[in-house]
Amino acid sequence: MVKSMTGYGRGEATEEGLTVTVELRAVNNRYLDCAVKMPRTYLFAEDALKERIQAQVGRGKLDVYVNIAHAAGDDMTVTINESLATAYVEALRKLFAISGEGIKGNYFTTDLARFSDVLTVEKKEEDPEQVKILLLEALEQALNGFNVMREREGERLSQDILERCKTIEALVSQVEERSPGIVADYRARLTAKLQEILGNTQIDESRILTEAAIYADKVAVDEETVRLRSHIAQLREMFAQGGAVGRKLDFLIQEFNREANTIGSKCNDVETSKIVVDIKAEIEKIREQVQNLE
């Protein structure tokens with residue numbers, strides 16, 4: 001299956017009040033350029049995320065957005081400094097004994113909690129491995145959606161390219177059909193020109209045949225059309241095999257252009273030149289589509 005480089009995917013994983021969300025967005029790029037944007041606290045998992053992505057994505061500019069959220073209060077813990085609280089209680093007892101007022105009402109515990117450092121609120125310590133597992137689970141979901149979108153777009157691009165190849169083959173057939181007529185036209189023009197110059201003098205038929213043969217050799221495009229058809233067959237084979245074909249197709253399309261340019265330079269016939277322009281236009285459209293393939 002041939003994939004496009006552009007796509008989007010999203011995944012989410014939740015456990016024990018911790019929710020991890022991963023989003024992927026990718027556009028065309030010559031090589032794989034993966035940028036992970038995540039809270040600094042969780043940078044320990046960045047290499048694992050990139051390694052998983054590189055196993056499934058060949059090239060493209062890929063932005064990875066990671067968001068980590070905790071359920072209200074689940075990421076905090078309250079610690080009692082028991083020794084300090086006991087010391088405060090003993091001190092208060094002595095203070096009340098000295099004052100003679102004693103301990104009254106239900107305010108003792110809440111008042112004690114207000115003293116400095118009796119209660120400490122801290123961020124709950126997280127298990128890095130557990131966080132990494134959740135991150136990779138969310139990433140896997142995102143990659144699945146991302147690849148489905150890329151495959152769908154890759155299929156559309158492949159069909160468009162293959163249809164344009166059929167158009168090129170039809171145009172090449174027109175060039176091949178017209179090629180013998182170009183030589184015949186040249187021979188007729190040469191004969192007419194010699195008759196005009198020589199008048200009633202006998203025209204050397206062998207000389208005309210020789211000139212026509214030399215011209216035919218100059219304008220012959222059989223080799224180029226055969227190679228162009230061969231390149232198209234190779235392109236179809238690449239699509240049939242699937243995988244990351246973008247770079248190979250970049251090179252192959254250059255060969256398409258080389259053959260088309262050679263055909264155009266050999267044919268000084270107006271009609272053939274128009275056909276070659278159409279061939280090159282189709283090749284350019286294929287080149288633009290190939291830029292989107294992984």
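User: Which residues of H7 meet which residues of H8?

Analyst: In this predicted model, the H7 side of the contact is made up of Gly246, Leu249, Asp250, Ile253, Phe256, Asn257, Ala260, Asn261, Ile263 and Gly264. Sorted by class, the contact between the two helices holds 10 nonpolar, 4 polar and 3 charged residues. The H8 residues that they meet are Val276, Ile279, Lys280, Ile283, Ile286, Arg287 and Val290.

User: Are H7 and H8 roughly parallel or roughly antiparallel?

Analyst: Two packed helices are described by the angle between their axes and the distance between the axes. For helix H7 (residues 246-266) and helix H8 (residues 270-290), the axes are 10 Å apart and the packing angle is about 170°. Because angles over 145 degrees count as roughly antiparallel, the relation of H7 to H8 is roughly antiparallel.

User: Does Arg150 count as buried or exposed, and at what relative accessibility?

Analyst: Arg150 is part of helix H4, which spans residues 128-198. Leaving aside neighbours within four places in sequence, Arg150 is in contact with Val2, Lys3, Ser4, Met5, Thr6, Gly7, Gln56, Val57 and Glu294. Since buried means under 20% relative accessible area, Arg150 counts as buried, at a relative accessibility of 0%.

User: How far apart in space are Ala69 and Val20, C-alpha to C-alpha?

Analyst: Ala69 lies in strand E4, covering residues 60-70, and counts as partly exposed, with a relative accessibility of 33%. Beyond the neighbours within four places in sequence, Ala69 is in contact with Gly17, Leu18 and Thr19. Although Ala69 and Val20 are 49 residues apart in sequence, their C-alpha distance in space is 6.6 Å.

User: In the protein chain, what percentage of contacts between residues at least 6 apart in sequence join residues at least 24 apart?

Analyst: The chain has 8 helices and 6 strands, arranged along the sequence as β-β-β-α-β-β-α-α-β-α-α-α-α-α. Of its 294 residues, 34% are buried. Among contacts between residues at least 6 apart in sequence, the share joining residues at least 24 apart is 80%.

Technical notes
Residues numbered from 1 in each chain as written. Predicted model: local features only at pLDDT ≥ 70, side-chain atom pairs only at ≥ 80, totals over all residues. Heavy atoms only, no water. Helix = DSSP H or I, 4+ residues; strand = E, 2+ residues; numbered from the N terminus. Buried < 20%, exposed > 50% of the residue type's maximum accessible area, 1.4 Å probe, protein only. Contact = heavy atoms within 4.5 Å. Axes fitted to C-alpha atoms, helices over the stretch in contact; angles between N-to-C directions. Parallel < 35°, antiparallel > 145°, perpendicular 65-115°, else oblique. Nonpolar A, V, L, I, M, F, W, Y, C, P; charged D, E, K, R; others polar.
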